[in-house]
Amino acid sequence: MFKKVLIANRGEIAVRIAGTLREMGVRAVGVYSEPDRGAVHVGACDEAYPLEGATSAETYLRGERIIEIAKAHGADAIHPGYGFLSENAEFAGRCAAAGLTFIGPTPDVIRAMGDKIVAKKTLADAGVPVVPGWSGKTNAGAAEFRKRAGEIGYPVLIKAAAGGGGKGMRVVRAETELDAALEAAQREAGAAFGDARVFLEKYISRPRHVEVQIFGDAHGNVVHLFERECSIQRRHQKIIEESPCWGMTPALREQICDAAVTAAKAIGYQNAGTVEFLLDESGAFYFLEVNTRLQVEHPVTELVTRLDLVRAQVLVASGEPLPFAQVDIRQHGCAIECRIYAEDPSRGFLPSTGRILRYVAPAGPNIRVDSGVAEGSEVSVHYDPMLAKLIVWGARREEAIRRAVCALRRYVILGVTTNVEFLRSVLEHPEFAAGRTHTHFLDEHRVAATDAAPVPDDAWIAAAIAAQQSTRPSPGAIGAGQPTHDPWQTAGAWRAG
Ligand code: ADP
């Protein structure tokens, strides 16, 4: 077993990985950028070292510097988390060359699955259903794309081969729109990934996004840990995920999980991975892509299967066989995750930055908060604005929804604007409760950015007096040091909101 593992990440996922490492008796080594000097993940590790600079490119994306730190401080392995270097085949290869274990699949698998065209072809050859489409010659011109799109039938989707995060993706509803969309997608893909190759797919209307957690080891074992449904998306980005997929028949579940295992076996998959599918209204499902890393939404699977995926990742990476067999893996109840972002839903979800002045995360039975921030944390412009994840479990879906709604109501984050109210209005939507989710849910139902009624003045006054009475006067205030809670004895200052 490893003695020390370096976590090449920040925020909630670095904190979460450090927790499991320490439970396993493995020392957790952190890295941090200049703005992250006092970040929560630094304190969550046993030791942590600085990365010079502030931007992602200068810090968490600098593979060579991270390997240097790992070597200098005696780490045996690197856990990349998600994002940053997690799906960088070159980095995984460099780790191996430096004598460090990369906790994830092999570089060849990461590379092959990172190319959506290669991934689709490989899995189609293995018998996994894929979305009908065309990925022909890379130098094909607009005329060829027009012809192929006509054959597939509109609407079609142009996607980037190197795609991720919804970049380089364009829906085309009619032939007249194709040329402009093609050019825009190629330009965006070239700028984002340094690879302008795009391909065509049939655009599935109102699909559900269903993905299967898979796990493989170096001994040829492959299992699945059932499905997650991640249809609540904003601009192709998931914000609420749940497991199991509501309304899925046991027969369909078996088919889709089997397809994921077939896919994993076909590519010799090792460690944790996710096979993503789209499920259409008729119940047909199509392979979308393989994510060769731990997913943001892995906790819903952990709550439902009662397994620790990071622990399994570390064991498998150290050469041990999978700690669970397929027959031991069961789905218990229902789990829902909400991604808490520092962003302003009423201003087009503009990221919100600043210092977190007050932070009280909800707690209670079957409530888990994976957080990368605390009171006093700085939320900077440099990184992803996701602050934390709220994950709840319930014996039934309605119970989980109610628990999540109540937990969101109690979640206090002041200093930056968050999407907490927005998440709550999604969970409280009758169509969500009915399980009628699909990837256009938020657009179609025009879920209000906030449904909060204005707070009446007397409520503000009562709150201010209560706050004044419950806190000791600040050191500089009149009355400081006196054992009094009389508001008239203290001359502090407060600001509504
Ligand atoms: P990325 O890697 O950029 O996240 P994905 O291929 O995983 O791209 O797709 C992201 C999301 O885009 C899906 O969850 C779905 O909402 C939508 N999408 C992708 N392909 C299709 C398709 N063929 N038809 C309809 N929606 C799609």
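The model is a predicted one, in which local features need pLDDT of at least 70 and side-chain atom pairs count only at pLDDT 80 or more, while totals for chains, interfaces and linings use all residues. Residues are numbered from 1 along each chain as its sequence is written, and side-chain values use heavy atoms, with hydrogens and water left out.

Let me start with the pair. Helix 12, residues 397-410, packs against helix 13, residues 420-427, at an angle of about 155°, and their axes are 10 Å apart. The two helices are therefore roughly antiparallel, a term used for angles over 145 degrees. On the helix 12 side, the contact (heavy atoms within 4.5 Å) is made by Ile401, Ala404, Val405, Leu408 and Arg409, and on the helix 13 side by Val420, Leu423, Arg424 and Leu427. Sorted by class, this contact has 7 nonpolar, no polar and 2 charged residues, where Ala, Val, Leu, Ile, Met, Phe, Trp, Tyr, Cys and Pro count as nonpolar, Asp, Glu, Lys and Arg as charged, and the others, Gly among them, as polar.

Next comes helix 5, residues 107-114, in which Val109, Ile110 and Met113 are buried, meaning under 20% relative accessible area, with exposed meaning over 50% and partly exposed in between, for a 1.4 Å probe and protein chains only. Seen down the axis of helix 5, these buried residues fall within an arc of 100°, so they line one face of the helix.

Finally, Arg330 lies in the loop between helix 11 and strand 15, and at 52% relative accessibility Arg330 counts as exposed.

Note on methods
Axes are lines fitted to C-alpha atoms, for helices over the stretch in contact, and angles run from 0 to 180 degrees between N-to-C directions. Helices (H or I, at least four residues) and strands (E, at least two) are DSSP runs, numbered from the N terminus. Angles under 35 degrees count as roughly parallel, over 145 as roughly antiparallel, 65 to 115 as roughly perpendicular and the rest as oblique. The arc is that of the directions from the helix axis to the C-beta atoms.
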